[in-house]
Amino acid sequence: MKTATLNKSDIGKCIDLLLQSDLRVIAPRLIPRLDEDGTDSIDVLTFTEVDSGDDHQVGEGLLPLNGVKEFLFAKHEPLFAYEKRGKKIEIIPVHHEYPQTVIIGVRPCDAASIASLESVFSDANAGFEDPFFTERRSRTTFVTYSCTAPDASCFCTSVNLAPDSAKGSDLHLTELGDGRLHVEVLTEAGEAVANKLETLLEGEGDQAAREKAGATVHEKLTRLRNSAPIMDWLMDTANFDDEMWERLGEKCIGCGACTFVCPTCHCFDIVDENKGSKGYRIKFWDSCQFDHFTLHASGHNPRDWQFKRYRNRFNCKFKIYPEKFETPGCVGCGRCIRACPVNLDITEYMAEVAHKAANPNAMKADPDFE
Amino acid sequence: MGKKIEIHDFEPKIMAFVCKWCTYSGADLAGTSRMDYSPNVRMIRLPCSGRIDPQFMIKAFEQGADGVIISGCHPGDCHYNEGNYYARRRNTTFRQLMDFHGIDIERIEFSWISAAEAIKWTEVIDAFTEKVRELGRHPQYDDEIVDPYAQFLVQKDQESA
Amino acid sequence: MIEQIRNQARKLLEDGDVDVVIGYAEGSDPSRTTPVFIRKAKDVDKLIYDPRCINSLPLYLNKRHEYTRKGWKKTAIIGKGCDIRAIVQLIAENQLKRDEIYILGVPCEGQVSHPEKWDGSLHDGNRATKCIGCDVMTPHETDFFPGTKPDVDRSSPYEVTSPKVANLMELELDKRFAFWRTDFDRCFKCYACREVCPHCSCNVCITDETTPSWIDPAAHKKGVFSWHLTRAMHLVGRCTGCGECTRACPMDIQVDLFNQRMKEVVQESYSYKPGYSLEDKHPLITYQVDDREDFIK
């Protein structure tokens, strides 16, 4: 594995170099706001396409509001167009563009989520390939950036990740604390990007300093939960009707915010968008938190109440994903915790399950609960 | 009679949502009286101006309409006694909502036209068509909004080559 | 003050006067609070109240939350002035009966707009804009109030609650449209703005209707514009300005600016302020013969 160092102040120049080689570069950027916003506005950091090396926030802020998911699995896209002529329906193919892309400044949790999406959309063993996802994935390079200042909602260490993890990354950057970055080239795609930046990279990396920097950040993560017993507890079908689901989930209001900001949530819906006798069949993001998500044509809804929908989300992350794909369903980015309007916290579920798994014979947490 | 046929560069698409008791009958009268009015208008007949949901107007714009006319009975003449009063309040607020969104409310016309006012109908339609023609194609609801996937239908040169 | 509220809540639950007390409890990290449903008198000490309690609790009184509300014949709810306006509006719309609700009013000095901005105290730098010019800091409709309730004159019109509404109104049309176009670009239609609203009470939302599909479900510009315009239009004259839609938006789109602007329009046109009277009908389901019609030809 090749390593090198890079001056942090040269990231803008890196972006310019990548842009010069006709790559699409996506980086965290601050969204410009109108003046005098009042105090209700916060700085909005999102992953967006950059057109110059001056305008980026790589390594600044924590997590952009959107994940990198939307650059692999589009928010909405057409599958084909159709037109009805008399009794015949003609299918008109659509042409997607898949530009060569470098996403720079991706945090380790977001990078780890790519593997989870891959297992759904491009698992050859499952006999299914999503052409849109795989085409985009094969043309996208991830340049990740270790975290330096996790906030109160981060919990990557609880799901076997770390703030300096290089999992899912092609080229990994870690701040060494002296204005330099440790650069690790991890894949061929990463090497191709590194070659373009050759003029800015210097010598060998400093492995010891990198380990040390990573360990310091590791200690800043306060939400430490043991996720090891969760899967086994969930596998026990008796626990599917445990009282905790209803007790913790009754305040859930059923907005899809947690699923839409989640970097590993991947559910989508397909509809025909009609205009007269022609239209498009489109694919767009959906959420298991919506009441009509599981609504049958008969009118029956197996997940009829909101707590069952949240139970499904939790099971999806900690049971279905690991069982089916052997990849983590949750990467601990904490976006769902930050986004939730009623402070429904996935780590509280984790803690409750861990507690129940450790004390199988204990009384219910609140025996009076009805 | 008969107007001289003029050729214009831009022919606006205009949607009219009209009450069946007054405006539609008024338009009918205009037709049976062989009056001329601008052919740019596409009419949809509804039971009452109170039935006109703002959703219809949003839909009309997003389907590519350049202007929308809403019309019903004069106040006091509603077949259902009060439908047009509700329509009036609804449109007072809806216009301001569209304005706040940045859509030119000159493109939304509201008019009271009775079953006898065939002449008023032709005048309103002609004047509004002229106005929208001058305003031109709806700049806010551009092609990207009216047909969000049009770009996907165009085969790029390098792909065909 | 919170002790008085707790004592009253304890008394209500012990006497069986109410089945549940809806209030605020400590959240999962120190800058957040969470809604809590207290069913047993012994749990009332979980209740807290401070400037972090920005959530609008009347949301749970909406009939949409049928399951959470099962078995609640009479509900006590802790209400800030703005929340009580939402309750009053629900009652005025026949979504709720006054005698099903016991309102534990709390005085309010304003709330912190974002948990990220909480630094232990409330000040001008973190006060939510909805709290500026608020005339219900001493709540109007209560069953219980800690201490004595001073009389407040609430007859004056609203103040413009967000300078941004005025800023936007000063812009030219195309600039204003461009602003929304960029902001709505982030929208992915999670419908948090809908679900968090105390007044969105349709069983099936128009955006979920498929036959016909009035609003395109995808988050392209057409679908997003259509959704936000419809949402704002459905709340005209009903929105009590709790600002929850903007707070809940995970992409920080200021959707409540539409509602604030419409609040002004309703006030100018019909001198109506929602959420102050249990009897008044909201302005779009009533009329005056001499309503303004300056725009009608």
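This is a predicted model: local features need pLDDT of at least 70, side-chain atom pairs count only at pLDDT 80 or more; totals for chains, interfaces and linings use all residues.
Chain C holds eight helices and four strands. Along the sequence these elements follow the pattern α-β-β-β-α-β-α-α-α-α-α-α. The C-alpha trace of chain C spans about 60 × 45 × 45 Å along its principal axes. Of its 297 residues, 54% count as buried. Contacts in chain C between residues at least 6 apart in sequence were also examined. Among these, 70% join residues at least 24 apart.

Two residues of chain C give a local view. G79(C) is found in strand β3 (residues 75–79) of chain C. G79(C) has 28 other C-beta atoms within 10 Å, so it counts as buried. Beyond its neighbours within four places in sequence, G79(C) is in contact with I84(C), I87(C), I103(C), L104(C), G105(C), V106(C) and P139(C). L57(C) is 22 residues from G79(C) along the chain. The C-alpha atoms of G79(C) and L57(C) are separated by 7.5 Å.

A219(C) lies in the loop between α5 (192–195) and α6 (221–234) of chain C. A219(C) is buried because 23 other C-beta atoms lie within 10 Å. Its contacts, leaving aside neighbours within four places in sequence, include C187(C), F188(C), K189(C) and V224(C). A219(C) is also in contact with K75(A), H76(A) and F284(A), which belong to chain A. From D135(C), A219(C) is 84 residues away in sequence. In space, the two residues are 37 Å apart, C-alpha to C-alpha.

The contact between chain A and chain C involves 44 residues of chain A and 49 residues of chain C. On the chain A side, five elements are listed as giving two or more residues. The helices among them are α8 (257–261), α10 (335–339) and α11 (346–358) of chain A. The strands are β10 (268–275) and β11 (278–285) of chain A. By class, the side of chain A that touches chain C has 19 nonpolar, twelve polar and 13 charged residues.

Chain A is itself divided into domain 1 (2–73 + 97–218) and domain 2 (230–358). The C-alpha centres of domain 1 and domain 2 of chain A lie 27 Å apart. Between them, 24 residues of domain 1 of chain A are in contact with 19 residues of domain 2 of chain A. The domain 1 side of this contact divides into 14 nonpolar, seven polar and three charged residues.

Chain A also touches chain B. This contact takes eight residues from chain A and seven residues from chain B. The chain B side has three nonpolar, two polar and two charged residues.

Within chain B, four strands form an open sheet. Their order is β2-β1-β3-β4, and the pairing is parallel. The edges are held by β2 (41–46) and β4 (108–112) of chain B. Each has a single partner strand, so one side of each is left without a neighbour in the sheet. From one strand to the next, the twist averages 20 degrees. Strand β3 (residues 67–72) of chain B runs parallel to β4(B), and five bridges join the two. V68(B) has I108(B), in β4(B), as its bridge partner. Helix α1 (residues 23–32) of chain B packs on the sheet. There, α1(B) touches β1 (14–19), β2 and β3 of chain B. The direction of α1(B) makes about 115 degrees with that of β1(B).

Technical notes. Residues are numbered from 1 along each chain as its sequence is written. Chains are lettered from A and ligands numbered from 1 in the order in which they are written. Ala, Val, Leu, Ile, Met, Phe, Trp, Tyr, Cys and Pro count as nonpolar, Asp, Glu, Lys and Arg as charged, and the others, Gly among them, as polar. Two strands pair if DSSP finds at least two bridges between them. Axes are lines fitted to C-alpha atoms, for helices over the stretch in contact, and angles run from 0 to 180 degrees between N-to-C directions. A residue is buried if 20 or more other C-beta atoms lie within 10 Å of its own, exposed if 12 or fewer, and partly exposed in between; C-beta atoms are placed from the backbone. Domain bounds come from an automatic or database domain assignment.
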